[in-house]
Amino acid sequence: MSFTDSTDAPIYAGLVEEHGDVPAEVRRVAEETMREADRAIDFSDLRRSPVYR
């Protein structure tokens, strides 16, 4: 999903064609990284475990 129409920014459209939609890829990777980080630092299972009470 692009935030601008290629008719509004022909230079941007050319760059996307040449290099791919870099901002969209960065957003995708950032969201994936955030999900992985959330899973990595999720201590909710430890709080529920009777061993740690």
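Helices (DSSP runs of H or I, at least four residues) and strands (DSSP runs of E, at least two residues) are numbered from the N terminus. This is a predicted model, in which local features need pLDDT of at least 70 and side-chain atom pairs count only at pLDDT 80 or more, while totals for chains, interfaces and linings use all residues. Residues are numbered from 1 along each chain as its sequence is written, and side-chain values use heavy atoms, with hydrogens and water left out.

**Overall make-up**

The protein contains three helices and zero strands, and its elements run α-α-α from the N terminus on. Of its 53 residues, 4% are buried; here buried means under 20% relative accessible area, exposed means over 50%, and partly exposed lies in between (1.4 Å probe, protein chains only).

**Confidence**

The predictor's confidence in each residue is given as pLDDT, from 0 to 100. The mean for the protein is 81, and 72% of its residues reach 70 or more. Where pLDDT is low, the predicted coordinates should not be read in detail.

**Helix H1**

Helix H1 covers residues 10-19, and one of its 10 residues is buried, so H1 lies largely in the open. Gly20 follows H1 and has a positive phi, near 85 degrees.

A salt bridge is a side-chain nitrogen of Lys or Arg within 4 Å of a carboxyl oxygen of Asp or Glu. By this rule there are two salt bridges, as listed below.

| Salt bridge | N to O distance |
|---|---|
| Glu25 and Arg28 | 2.7 Å |
| Glu32 and Arg28 | 3.0 Å |

Glu25 and Arg28 both belong to helix H2 and are three residues apart, about one turn of the helix. Glu32 and Arg28 also both lie in H2, four residues apart, again about one turn of the helix. Together, Glu25, Arg28 and Glu32 are linked in a network of salt bridges.

How buried or exposed are these residues? Glu25 counts as partly exposed because its relative accessibility is 39%. Arg28 is partly exposed at 41% relative accessible area, and Glu32 is partly exposed at 32%.
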